[in-house]
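Subject: Structure handover

Hello,

Here is the structure I promised to pass on. Please open it first, then read the notes below.

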Amino acid sequence: MRKMNAWGWKQLVQRVFKLEIRDIDCAFKLYRGRFFQEHRLETRGAMINTEILYKFKRAGYSYTQVGVQHLPRRGGRATGAKPAVIARAFRELFVFARKWRQEEREAAQSTRGAF
């Protein structure tokens, strides 16, 4: 069930945010610290990885994906399949997709108005 949920989430994120990514929630990522000094993060939970990559791409940075070996979980519990977690993720996805698209439109309009 978790794999199906992860696949569906990836498909939705790719379509809504136009991101080419193999595993949006893979925990191993490496970013330049400057990015986080320049960009304020707004989401929490399941949307945080999507937000980082979306804003990274929108800021003009490029990224490369490399494969990593996933090891079995040794402790803790998976929370991704809990209905409350899923509902929060969907709510954040739609709220922030609308907000960030509006920011892009406003930035494009101000750029056109500057000439």
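One cut-off before the findings: a residue is buried under 20% relative accessible area, exposed over 50%, and partly exposed in between. Please also keep in mind that this is a predicted model.

**Overall layout**

The protein has four helices and zero strands. Along the sequence, the pattern reads α-α-α-α. The C-alpha trace spans about 55 × 30 × 25 Å along its principal axes. The protein has 115 residues, and 25% of them count as buried. Take the contacts between residues at least 6 apart in sequence: 68% of these join residues at least 24 apart.

**Helix H3**

Start with H3, residues 48-58. Eight of its 11 residues are buried, so the rest of the structure largely encloses this helix. The buried set is Asn-49, Thr-50, Glu-51, Ile-52, Leu-53, Tyr-54, Lys-55 and Phe-56. Two charged residues are on that list, Glu-51 and Lys-55. Just after the helix, Gly-60 takes a positive phi of about 95°.

Thr-50 deserves a look. This residue lies in H3. Its relative accessibility is 0%, so Thr-50 counts as buried. What does Thr-50 contact, leaving aside its neighbours within four places in sequence? The partners are Trp-9, Val-13, Phe-17, Leu-19 and Ile-24.

In soluble globular proteins, nonpolar side chains tend to be buried together.

Neighbours within four places in sequence aside, Leu-93 is in contact with Trp-9, Leu-12, Val-13, Val-16, Phe-17 and Met-47.

**Salt bridges**

How many salt bridges are there? The count comes to seven.

- Lys-99 and Glu-42 meet through their side chains, at 2.7 Å from N to O. The pair links distant parts of the chain, 57 residues apart. Lys-99 sits in helix H4 (residues 83-113), and Glu-42 in the loop between helix H2 (33-38) and H3.
- Lys-99 also forms a salt bridge with Glu-103, with the closest N and O atoms 2.4 Å apart. These two residues are four apart in helix H4, so about one helical turn separates them.
- Glu-51 and Lys-55 meet in a salt bridge at 2.8 Å, N to O. Both lie in H3, four residues apart, about one turn of the helix.

The four-residue spacing has a simple reading. An α-helix has 3.6 residues a turn, so residues three or four places apart point the same way.

Are the partners buried or exposed, or in between? Lys-99 has a relative accessible area of 33%, so this residue is partly exposed. Glu-103, at 26% relative accessibility, also counts as partly exposed. Glu-42 is at 18%, so Glu-42 counts as buried. Glu-51 and Lys-55 are both buried.

These residues belong to a wider set. Arg-40, Glu-42, Glu-51, Lys-55, Arg-58, Lys-99 and Glu-103 are linked in a network of salt bridges.

**The second largest pocket**

This pocket has a volume of about 560 Å³. Its lining has 20 residues. Nearest its centre lie Phe-28, Lys-29, Thr-64, Gln-65 and Val-66. By type, the lining divides into 11 nonpolar, five polar and four charged residues.

**An exposed loop residue**

Last, Ala-27. This residue is found in the loop between H1 and H2. At 79% relative accessibility, Ala-27 counts as exposed. Ala-27 and His-70 are 43 residues apart in sequence and 9.7 Å apart in space, C-alpha to C-alpha.

Best wishes

Conventions:
Residues are numbered from 1 along each chain as its sequence is written. This is a predicted model: local features need pLDDT of at least 70, side-chain atom pairs count only at pLDDT 80 or more; totals for chains, interfaces and linings use all residues. Side-chain values use heavy atoms; hydrogens and water are left out. Buried means under 20% relative accessible area, exposed over 50%, partly exposed in between (1.4 Å probe, protein chains only). On a 1 Å grid over the protein atoms alone, a cavity is a set of points where a 1.4 Å probe fits but cannot get out, and a pocket is an open set with protein on both sides within 12 Å along at least five of seven lines; lining residues have an atom within 4 Å of a point. Grid points are joined across faces, edges and corners, and a volume is the space filled by probe spheres set on the points. A salt bridge is a side-chain nitrogen of Lys or Arg within 4 Å of a carboxyl oxygen of Asp or Glu. Contact means heavy atoms within 4.5 Å.
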